[in-house]
Structures are given as structure tokens and as C-alpha cells.
Amino acid sequence: MKVKLLTAVLAATLLATTPSLVMAQARPAASAAQPSAAGRTVLDASSRILTTLESRRAEFRTNPAALRTFIDSELSRTFDRDYAARLVLGVHGRGAADADVKLFADAMADNLMSRYGSTLLDIQGKPSFRYKAEAALPGNRGVKVSTELVRAGSEPTPVEYLMRNVDGQWKIFDVMIEGISYVQTFKNQFDAPLRQKSIKQVATELRSGSMQAAAGPAPRGK
């Protein structure tokens, strides 16, 4: 899975390491239906991130703290990471205090950013981001926004965003790249540690770096 996309989550992500969606131009396909508010959130975010990374690339190279502050602001703005963390925790998060879930969510994001954040600045070229379609999620949980990442010399890479409306704002809670889910990838990874340790203990180890959030398989065309 594209670690940079998953750590940045928007463009995911998508928080997750080849050319990433964060560097894709927000350009819907001419033949596609017009995106709803959820789809526009994805398009606007990727365009905003692209513009900022290009205009502040030199600054971010010399000031990693500024890059991390920027990515963290994007995570807070468009990614429902506490809800996503509860999905990652699964049965281990049942009855868990909101503070513990937030601790885990922040620790996982920080762990990924500390390892992969700077690689966002090494992406060359401008892949195109093509909006495809939207569909309602079962159980009225939100919508799935389907897109494609188009790169020269590679087949289009399907990227899907699962989103829900939070107080009138559409936020991403999962990203699927070629069918591989951010939530499921990390749910599988943390299941064993969470069977042996508390959420706080796992979060502490993530924060210290003694435990690492690992990426899933890379998509084709790497």
C-alpha cells in the first residue's frame, strides 16, 4: 500500500511509496458525472496539497517540522482519524475511552509521518487524478468516492475513499488502493499486539518507535 498516501491520507494516504495521490492533479474525467460535496472534498484536498508541496518544497526540505505541521493540519482537516482508529482497533477498541483511541490514532499517524513524511518531497512528475463515480455505503454509513491515479507508462491505479459526514463536513475514514484497505491493513497488523497489550501500551511503543506501522503490498506499476 502507498504509505505516503496513507500517512497524508488525502492524497491519503493516502496516511501509507511510489508516486502518490497527493501529487496528483485534481482533474475529474470529462465523461464522469459531476462530483457531490464528498467528491469535491477529495478533489479540493489533492489540489490544495499539490499546490502547497510544490510552492513550499524548498522550505519543507530544510524544515521537516514545517512539513509535519502541514501534513498534520491536512489530516485534521479532511481525515476522520479517530473514527478510523476505532475501526483499526476493532474488538480491542470496544468500550475504550475516547482519549485512548485518540492517543493510538495520533501515535500511528506520527509513526508513519516520522518514517515516510519526507518522501513526499521526492516525487517527480505530475500524475493525473481522475474522478470516476460515487456510491452510497451500506447502512447509510456515508459514500465511496472512486478515482483513478493515472501515470505515464502505468495502468491507472484505482483509489477509493470511504467518507462520512461529520457535523456537515465530509471526512475520509478509509482509503482503498487497488482494493487494499488502509483500515484493514492496520487492523490485521495490530491485532496480535493488542491481544497482549493495552491500547496505551501499543500507542506508547508506536510513539517511541519501538513498534512500527508497516505498509501493505505495493500497487502495480511501481
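Colleague: Before we start, what are the ground rules?

Modeller: This is a predicted model, where local features need pLDDT of at least 70 and side-chain atom pairs count only at pLDDT 80 or more, while totals for chains, interfaces and linings use all residues. Residues are numbered from 1 along each chain as its sequence is written, and side-chain values use heavy atoms, with hydrogens and water left out.

Colleague: Why is N140 called exposed?

Modeller: The label exposed takes over 50% relative accessible area, buried takes under 20%, and partly exposed is in between (1.4 Å probe, protein chains only). N140 has 76% relative accessibility, so N140 counts as exposed. You'll find N140 in the loop between β2 (128–136) and β3 (143–150); helices (H or I, at least four residues) and strands (E, at least two) are DSSP runs, numbered from the N terminus. Phi of N140 is near 55°, a positive value in a residue other than glycine.

Colleague: And what makes E178 partly exposed?

Modeller: E178 comes out at 25% relative accessibility, so it gets the in-between label. E178 is in the loop between β5 (169–177) and β6 (180–181), and its phi, near 50°, is positive too, in a residue other than glycine.

Colleague: How do you know that R81 is buried?

Modeller: Its relative accessibility is 15%, so R81 counts as buried. R81 belongs to helix α5 (residues 81–89).

Colleague: What makes the R81 and D72 side chains a polar contact?

Modeller: The rule asks for a pair of N or O atoms within 3.5 Å; within protein, one must be able to donate a hydrogen and the other to accept it, and residues adjacent in sequence count only if both atoms are side-chain atoms. The R81 and D72 side chains make such a contact at 3.0 Å.

Colleague: Why are F60 and F70 called stacked?

Modeller: Rings of Phe, Tyr and Trp (its six-membered ring) pair if their centres lie within 6.5 Å; planes under 30 degrees apart count as stacked, over 60 as edge-to-face and the rest as tilted. By this rule there are six aromatic pairs. The centres of the F60 and F70 rings are 5.7 Å apart and the planes are at 20°, so this pair is stacked. F60 is in helix α3 (residues 57–62) and F70 in helix α4 (residues 64–78), so the pair ties together parts 10 residues apart in sequence. Both F60 and F70 are buried.

Colleague: What makes the F104 and F190 pair edge-to-face?

Modeller: Here the planes are 80° apart, with 5.4 Å centre to centre. This pair links F104 in helix α6 (residues 98–116) to F190 in helix α7 (residues 182–196), 86 residues apart. F104 is buried at 0% relative accessible area, and F190 is buried at 1%.

Colleague: How do you know that the charged end of R164 sits over the ring of Y83?

Modeller: NZ of Lys or CZ of Arg must be within 6 Å of the ring centre and within 35 degrees of the ring normal. The charged end of R164 passes, 3.7 Å from the centre of the Y83 ring.
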